[in-house]
Amino acid sequence: MKKKLVFSAILFCVITTSQGQFLKKITGKKETDTTKVEKKVGGGLFQNIVAKVAKVAGNAAGGMAGMVSTVDNLENVDILASIGTNIYSKKLGLVVNDFLGDDWIDNGDFTMIMLSSKNSFQLNKYAGSIKVNNKELKHSSYGVHTVCENPNSGNKKISFEKNGIVEGSFEVPAPKNNIKLLTINGQKDNVNIDLTKDVVLEFSNYSTTKESLLRIDIIASVIGIRSLYLVTYVKPAAKVVIPFQAFRNIETMSKGLGFSNCYLSVSDQLAVKTINNTGFFKSPIDALTGSNDGMWINVTQKPEQFYGISIENKTKTTEVTAQKKNAAYSMPLSKAQKITVASLSIEGTTYSESSKVNAFQQTETTKTIEFPQIPDAWQEATLVEMHKNITATTGQILGGTILPVEIVTQAPSYNEVQNFFREETNTSSNFLRAYKGLNPIKPLSTSSLKMYGENALLSETKSDALLKIKMVLELSWDSKPLMTPFLYVTMDGASNGAFRSASGNTNYFTIKIKGEPYEIKKGKVITPDEYVKITQVALLNQIYKETLSSLKQKELEKGDYEVIWNLQK
């Protein structure tokens, strides 16, 4: 499932820069006009152009980059099936409608099949045909195959056929419940909403499982492009109060949101297993299913969006930046009671060369820095000190418990990301060393961890948070040769809404600290004591402590995080 969700994220980024628009379609979150108000909104010429260019660019870029390949053997392919009922109408004027064009059926059923490689970052097209209830799916872009059917088409029997032979099939059960939004603030039509005040929603026919959550979205526009944006998740009930804080913590970093011709969407999504598997599909596979509803609304007062907490401090020799995004992306720090260290490493370069050309004097000056190869024992000592100091600080400030390192390395899902770990090195030009096997992850696999790996680690280790710590030693030459330590500390939590999320794991905070530059003097012998002066673990930890304390205080003063996340209880 890891790769399947990875590429869902990639596709989401390619199709639209607006928040989660296409992925919401994928996971069954569609809207339907249930009010008596007849509205029809177009996205405009620019939106149409964006959709068409995105589709062409997605197919072309994927092909050229080797990301999309045609497969005739399903053995090494991961398959994710998603279905949605009562999908939203073209009247909403969303960019995804322009992307799929005439294939969209208002208020119908939607099926998406995504194919991706189990062992590499590659998306797949099937060499034969994929059918749903005997209707063939089209390859839309980036390994995604889609089809729309008439409303209430029942279970989705999905078959993979090649050369007239069915290689395998399975069935995705239709949702048992089809969510209905009955009223907004007691109104059934001509609904006026002040988004700076609490909003009351009444529902019927919603799911009631332990894992059930209702997703609330709202349509907003940025530079003329209309998209769905997450407002919040709530536990299902006949009547739910959405606090005003949720409307100022919408899942977006875009500025200038417009709410004209607005629509409030609700969706009820569940993770299920396929049934009636045949042929190649010998056992059930994971699938997503959902039902949707919504109402047109008139926004009489829009909120001032809150984008999160930022801290920037700079002295003559040090710098620090910290960020905690808004509550759609970030849990309250109080939820981090059981903390697992997911990665801890030190890395850097020991050789640097740069050239500067003076055109007037027709000269070229080359500057070279050669730092001695750093003994493994020194690096180990630094890592031990980093672990002791930074974990103690984190636990003290947050009031949480730091779990043993072995909990991560013994987790089953830990092996799933081994292929994406950066290997330890210690050469004449660079080095990387990890603490007790807690390696950093290659940048390419970031979406993998966010969409699946980190959630699996959190579940298997029974943790609330994954702490990732990295020190980077950077060579530079301005007026003199320097080596500067940088400390990066980030802490991730479970995805907001679990599998329903289009944004991957939540992030409690990200802190970056630049230490004091250490001058590298020619001929000077680097001893263990001098190396301690370079790494500056004690100083960096003190700055980290002050920054995390300030971040916690600012979160409490804002107050939004607890209010919004309590809705999921």
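In strand S19, the residue bridged to Cys 262 is Ile 297. Cys 262 belongs to strand S17 (residues 262-273), which runs antiparallel to S19 and is joined to it by 12 bridges. Two strands are called paired if DSSP finds at least two bridges between them; strands (E, at least two residues) and helices (H or I, at least four) are DSSP runs, numbered from the N terminus. This is a predicted model, in which local features need pLDDT of at least 70 and side-chain atom pairs count only at pLDDT 80 or more, while totals for chains, interfaces and linings use all residues. Residues are numbered from 1 along each chain as its sequence is written, and side-chain values use heavy atoms, without hydrogens and water.

Strand S2 (residues 77-85) runs parallel to S19, with five bridges, and Ser 82 has Leu 288 in S19 as its bridge partner. Strand S12 (residues 191-194) is also parallel to S19, over four bridges; here Asp 194 stands opposite Gln 301 of S19. Strands of a sheet pair through backbone hydrogen bonds, either parallel or antiparallel. S19 is mostly covered, as 12 of its 16 residues are buried (under 20% relative accessible area with a 1.4 Å probe, protein chains only; exposed is over 50%, partly exposed in between).

The structure holds 11 aromatic pairs, meaning rings of Phe, Tyr and Trp (its six-membered ring) with centres within 6.5 Å; planes under 30 degrees apart are stacked, over 60 edge-to-face, and the rest tilted. The rings of Tyr 126 and Phe 160 have centres 5.3 Å apart and planes at 80°, so this pair is edge-to-face. Because Tyr 126 lies in strand S4 (residues 123-126) and Phe 160 in S9, the pair ties together parts 34 residues apart in sequence. Tyr 126 counts as buried at 6% relative accessibility, and Phe 160 is buried at 0%. Phe 160 also forms a tilted pair with Phe 281, 5.4 Å centre to centre and with 50° between the planes. Phe 281 is in the loop between S18 and S19 (286-301), 121 residues from Phe 160, and both residues are buried. One aromatic cluster is formed by Tyr 126, Phe 160, Phe 170, Phe 280 and Phe 281.

Lys 255 lies over the face of Tyr 307, 4.4 Å from the ring centre. The charged end of Lys 558 is over the ring of Phe 306, 4.4 Å from its centre.

For the chain as a whole, there are 11 helices and 31 strands, and 54% of the 569 residues count as buried. The mean pLDDT (the predictor's confidence in each residue, from 0 to 100) is 82, and 78% of the residues reach 70 or more. Over residues 1-38 pLDDT stays under 50, as it does over residues 443-451. Where pLDDT is low, the predicted coordinates should not be read in detail.

Key
Lys NZ or Arg CZ within 6 Å of the ring centre and 35° of its normal. Contact = heavy atoms within 4.5 Å.
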